[in-house]
Amino acid sequence: MQKKISPKSIVILGNGISGITAARHIRKHSEYQITVVSEEHPYFFSRTALMYVYMGHLKFEHTQPYEKHFWKKNKIDLKQGRVETIDTKNKILQFSDGEALGYDSLILATGSKPNRFGWKGQDAQGVLGLYHKQDLESLEKFAPDNQACRRAVIVGGGLIGIELAEMLHSRHIPVTFLVRETSFWNGVLPEGESELINREIREKGIDLRLNTNLKEIKTDENGQVRSIVTEEECEEILCTVVGLTTGVSPNISYLKGSDITTNRGILVNRYLETNLPDIYAIGDCAEQQEPVGQRRPVEAVWYTGRMMGETVAQTICGNRTAYQPGPWFNSAKFFDIEYQTYGWVWAKPKENEARFYWEYTSGKKCIHLNFDTKSRMFIGINTFGIRLRHAFFDRVLQEGETVDYVLEHFADANFDPEFYPQHDEEIINQFNREQGAQLQRKKRSWKRIFSIPSQSL
Amino acid sequence: MKTLQQIGLGIFLTGLAVFVSLLFVGSYKLTPAQFEEVIQSKGIQSEVFLSEFNNQIVGKSFSNSHAFSAALISALDKANATHKKEREWSKVIWSKPNSFAYDIIKSTEAGVVAKNKALFWWLTFGLGILGALLFILPNVVLLGPPGIKNNGIWHSKATNRGWIGWMTFLFLVGFYILLYFYPNYIVNWVYLVDPISLKLSGNLASQWFLYGFLYCVVMTVMAVRMYIKYRNNKYQTLRTTSVLFFQIVFAFLIPEILVRFERPWYDFKNAFPLDYDFFFSWNLKQLIAEGGFGLFILVWGIVLTLVVVPVMVYFFGKRWYCSWVCGCGGLAETLGDPYRHLSNKSLGAWKLERWMVHGVLVFALVITGFTLYSYFSGASSVIGIKTQSLQDTYGFLIGSVFAGVIGTGFYPIFGNRVWCRFGCPLAAYLGIVQRFKSRFRITTNGGQCISCGNCSTYCEQGIDVRAYAQKGENIVRSSCVGCGICSAICPRGVLKLENGPEKGRINPTEILLGNDVDLVQLLNKK
Ligand SMILES: Cc1cc2nc3c(=O)[nH]c(=O)nc-3n(C[C@H](O)[C@H](O)[C@H](O)COP(=O)(O)OP(=O)(O)OC[C@H]3O[C@@H](n4cnc5c(N)ncnc54)[C@H](O)[C@@H]3O)c2cc1C
Ligand code: SF4
Ligand code: SF4
């Protein structure tokens, strides 16, 4: 390896957040030759922002975090094309157009693909998903407005499903939302939060059907969606667009027949190394052989993709580093309600866990704390409609602070814009009432806030 | 609700159409008695002008202000040409032709508008306000519950540089050109506000009174729109109330009331060097002649710029001025809000901005230096450059063309803060303080950014907010006016405007919060 004439050539397959983060960090620490290959679009764009393009908040170009000259300036070569197979013996990527590209090290960052469960009619005109840029084009074609699309049915009650509902709603298209579970996203959210979101969805005029599965999609003589039929009631719902948002799985079909070991995703060890030397996998497509802590083996979120990118770059540049993310965090937005989470708040409490739930009278804000019954150690928090400070929770989770500490310092944790109504008083009073505790609210202290170790420099 | 909006739009457009048509109507006639008055008040000594005037103008009627001013200006030109040739300097009429024509036309009080001021006020301002409110208010229902309300902005022809945007642009630019350079064509508009001016200051309105009044009206109506659009965000509603208050009370009412009590017109919040003629000799002379009160203004003006401004920027950032007090900022944040996303975010624009805005600051300081030197030494020129012509150049290029025509006229094309970003010398000064000595920053919430780009797109100052946020870095930029919109519309709650200790305010990061603790510390502490 080291004998090769430098510079070493690094090829990154996939230009999403994980691939691009890896490329940027490799460039920071090395003079290697870097090529990023992707099929979807020549430039990195933010997948999470696709919805805002359809909604008219952004133009597609705004979803691209770097100007075009950035890539040239940083000597990161971009190549658009679809990789068909990987010749791992000779270290060569084969493209669908017959081209080939050699590499010394290869980072696989090929993301996910939407799930399809073999429903009848799932390939009809007007059935679409929401993952790729091309899906936006389908949306513009089949659901440009509520004249062309009289009703849309969305199948699958996860984060992408609700985003799609918000998108269609923004163009005044009536939406029926089929959710398999008894309450929205209740595999992840506890009952209170899940119910709060059910209300929000319904308040927006979305026809939310809980406990409902899709049976089949019916088409007209032109192969265009005409209606769907539900599994339970066998009810037929007329519609011209069907959005399938029933989760994603790692996109690894191009590895079929290769000697890279895969399971659901590409199997990697803690160092993000696959079974073959010089081949790494990061982001949505990677699967940890041993899950990290309480995390899932396949983590399909933005932040973890980015962290894996940061980590693998260290390894590539000679500082072999394990993927060891800090405390879990995530965020989303459900129509007008923002959601953040730090640490773990499972849908159902575990044996050693106690919970504290507070909801504001508006029914649009709530927090849910999870802590250890015995040691009172703080385990996690869900927050809806109130922004909280990542640095605060990162610290309390790492330092193993108690729930009492968190509540007493809740003013420090608040991240809402200035002049927003504060609720820490109400929250702490309710906690004291329920738990028979006598916590005293501490006033916000800039000194404490800005002396958080992992942030101050 | 939708129909109500459409009716509102119809009424608004009718008001606007009447307003514009006033440029072309009226019959103007100068009676011999009025003629005498003009001669008296202007102290005209030119017999050429008098005879031209008598033959071509007096007693004749003109069907609109263009024809009338054309006749006046040609008489003036003819007279001046003759006298200049004959070197009869005392007979030359030195007034600017358009202003000269404006004064005369305005004083005739002729035409249908002048005779029905109140009626026409209702047909223009009245209909405009009513229509606009009918258009805006239904949004309480139509926009749905409080939240981020940017749906369809890039689809609408009004806000995506489509044809409605371009029409608005033409209208605004046309308006400013008339206002600054051809007041003689908008006499009818000024008549509309005569009654209000009389009530306030006891004088008839000038075109500047018209502008001030219109400014307040537009800001008020568009502030209603802000209240509805950003009703989820207390920072926005308070800030809007504040700029509205300062515009109406400080920029409009107090100065007019001062005039009523025969005091100099002064806007107490307008800080030098935005108030670029504060140190011009005519102003200094006027203030000093005024005695105690004038002196108070003089001292206040200096203290405002040298003490109040930097101290407040230290504690709160430049936002206290640009987004809470300033009139230009006030218009940008109300009338300009629908256009905020049109600002240019490229690196090139940032470079240009730094050159231009600091260039204007230097320019403003240089002319002030010249002015003060001339004032104290009595010399009319410094190192061969005439102070007066330097002042005129600044007034024309920066004060009128940049701040007005480009600054506001270009809202629908380049966004709403073109002036504040590229041209305002005060902003440059505030920005330097904010960058180097201030407690203000926009905190980035650890690793929560998803690089969606909403913040950058809606930053009116063209700051690439995302470039910082996605690296976990706080935003400390001289140009940030602290409008708080990036924070308001971030779908992941990543941004918070804060004043806190200076230590750690600027936090370059290599690895974001949330990753391996040791790695974060290792790399970020390097
Ligand atoms: C609509 C939507 C909203 C989301 N919102 C959030 C959110 O709010 N928060 C959050 O944390 N996460 C969110 N996610 C998830 C998040 O976007 C993903 O986890 C993240 O984008 C994955 O990044 P990645 O780099 O691993 O892969 P991707 O972004 O999927 O990039 C993979 C790239 O590889 C290319 N590629 C794949 N195979 C090949 C091949 N054979 N040849 C050539 N190129 C290939 C693809 O074209 C693609 O561009 C959202 C996802 C979607 C779809
Ligand atoms: S800071 Fe917020 S608005 Fe800006 S890119 Fe990040 S997530 Fe989007
Ligand atoms: S950075 Fe944010 S607060 Fe500052 S000017 Fe831009 S949008 Fe306004």
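**Where the chains meet**

Mentor: Between chain A and chain B, about 5,700 Å² of area is buried, and carbon and sulfur atoms account for 50% of it. This value, like those that follow, is computed from a predicted model. Chain A brings 71 residues to the contact, and chain B brings 71 residues as well.

The polar side of this interface may be taken next. Chain A and chain B are joined by 4 salt bridges. A salt bridge is formed by the side chains of A:Glu418 and B:Arg319, with 2.8 Å from N to O. Polar contacts link 36 residue pairs between chain A and chain B, both residues of each pair being at pLDDT 80 or more.

On the side of chain A that touches chain B, several elements give two or more residues, among them helix H1 (17–29), helix H5 (159–170), helix H7 (302–316), strand E21 (329–334), strand E22 (337–343) and helix H8 (390–399) of chain A. The most comes from H7(A), which gives 7 residues to that side. By residue class, the side of chain A that touches chain B holds 27 nonpolar, 25 polar and 19 charged residues.

Contact between them involves 12 residues of domain 1 of chain B and 14 residues of domain 2 of chain B. Together these two domains of chain B bury about 980 Å², with 52% of that area on carbon and sulfur atoms. Within domain 1 of chain B, the residues that lose the most area to domain 2 of chain B are B:Asn98, B:Tyr102 and B:Lys106, which together make up 61% of what that side buries.

B:Lys106 also has a partner across this boundary: its side chain meets that of B:Asp194 in a salt bridge of 3.0 Å, N to O. The rule finds 1 salt bridge across the interface of domain 1 and domain 2 of chain B. Across this interface of chain B there are also 9 residue pairs in polar contact, both at pLDDT 80 or more. Helix H4 (65–85) and helix H5 (97–108) of chain B each supply at least two residues of the side of domain 1 that touches domain 2. The largest share of that side, 7 residues, is from H5(B).

Conventions
Residues are numbered from 1 along each chain as its sequence is written. Chains are lettered from A and ligands numbered from 1 in the order in which they are written. This is a predicted model: local features need pLDDT of at least 70, side-chain atom pairs count only at pLDDT 80 or more; totals for chains, interfaces and linings use all residues. Side-chain values use heavy atoms; hydrogens and water are left out. Contact means heavy atoms within 4.5 Å. Buried area is the accessible area (1.4 Å probe) that two parts lose on being put together, summed over both. A polar contact is a pair of N or O atoms within 3.5 Å; within protein, one must be able to donate a hydrogen and the other to accept it, and residues adjacent in sequence count only if both atoms are side-chain atoms. Helices (H or I, at least four residues) and strands (E, at least two) are DSSP runs, numbered from the N terminus. Ala, Val, Leu, Ile, Met, Phe, Trp, Tyr, Cys and Pro count as nonpolar, Asp, Glu, Lys and Arg as charged, and the others, Gly among them, as polar.
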